[in-house]
Amino acid sequence: MNRSGQGSGELGNRDRAAGGARLPRVLRATLYGVGAILWVSGAVWLVLHYVYPQSTAFGTLPNPWEAPLMRAHGLIAVWAVFLIGWMMAAHVTVRWASERNRRSGLVLGGTALLLILSGYALYYTTSSANDAAALAHEAIGVLSPAAALAHWWRNRSRA
């Protein structure tokens, strides 16, 4: 297959023999970039929301940058979900047979799944369910780079 990242055809003989299944360079760079932008946009929103609300004579209002930042965060999240699907075809399906990094990959995938589900819940719930989804999404989101770094680091430490 070509270097499009489509399934197991992406791996060369050397990678198969060594048990490796590195993501294609373009997919890896895109995934890291989208993940970083997604995390930064969420972290900046948290700071604006909790540290810099707008004070008015009528009380506290959300920071005026919160809404456009959330729109951007949501749009980037759509790209992230697409990339997760691509990664499932190009990396996870090939590597599943190997035990190497399976646990850290499951933690990383579970983290992504929880962020997707809680983000969906933020959009479609109200009241206490929305508050619970917000708390979960914020906490998991802030800590999510740890799951990604653990998966990456485990791969580097055995190379």
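User: Accessible areas come from the Shrake-Rupley method with a 1.4 Å probe, and for residues only the protein chains shown count as cover; what share of the accessible surface of the protein chain belongs to carbon and sulfur atoms?

Analyst: This is a predicted model, in which local features need pLDDT of at least 70 and side-chain atom pairs count only at pLDDT 80 or more, while totals for chains, interfaces and linings use all residues. Residues are numbered from 1 along each chain as its sequence is written, and side-chain values use heavy atoms, with hydrogens and water left out. The accessible surface of the protein chain comes to about 10700 Å², and the share belonging to carbon and sulfur atoms is 69%.

User: In what order do the elements of the protein chain run from the N terminus on?

Analyst: Helices (H or I, at least four residues) and strands (E, at least two) are DSSP runs, numbered from the N terminus. The protein chain has five helices and two strands. From the N terminus on, the order is α-α-β-β-α-α-α.

User: How far apart are the end C-alpha atoms of helix H2?

Analyst: The expected span of a helix is 1.5 Å times one less than its number of residues. Helix H2 covers residues 25-51, so its 27 residues should span 39 Å.

User: Which residues of helix H4 are buried?

Analyst: Buried means under 20% relative accessible area, exposed over 50%, and partly exposed in between (1.4 Å probe, protein chains only). The buried residues of H4 are Ser104, Thr111, Leu115, Ser118 and Ala121.

User: How far from Glu138 is the nearest side chain of opposite charge?

Analyst: Lys and Arg count as positive and Asp and Glu as negative, with His and the chain ends not counted. A salt bridge is a side-chain nitrogen of Lys or Arg within 4 Å of a carboxyl oxygen of Asp or Glu. Glu138, in helix H5 (residues 127-157), is buried yet has no salt bridge. Its nearest side chain of opposite charge is Arg71, at 17 Å.

User: Which side chain is joined to that of Glu138 by a polar contact?

Analyst: A polar contact is a pair of N or O atoms within 3.5 Å; within protein, one must be able to donate a hydrogen and the other to accept it, and residues adjacent in sequence count only if both atoms are side-chain atoms. Contact in general means heavy atoms within 4.5 Å. Beyond its neighbours within four places in sequence, Glu138 is in contact with Trp45, Leu46 and Tyr50. The polar contact, at 3.1 Å, is with the side chain of Tyr50.

User: Which residue has its backbone nitrogen 3.0 Å from a polar atom of the side chain of Glu66?

Analyst: Glu66 lies in helix H3 (residues 66-95) and is buried without a salt bridge, its nearest side chain of opposite charge being Arg71 at 11 Å. Residues up to four places away in sequence aside, Glu66 touches Trp45, Leu48 and His49. The backbone nitrogen at 3.0 Å belongs to Asn63.

User: Is Asn101 buried or exposed?

Analyst: Asn101 lies in the loop between H3 and H4, and its phi is near 65°, a positive value in a residue other than glycine. Because its relative accessible area is 5%, Asn101 counts as buried.

Key: Accessible areas come from the Shrake-Rupley method with a 1.4 Å probe; for residues, only the protein chains shown count as cover.
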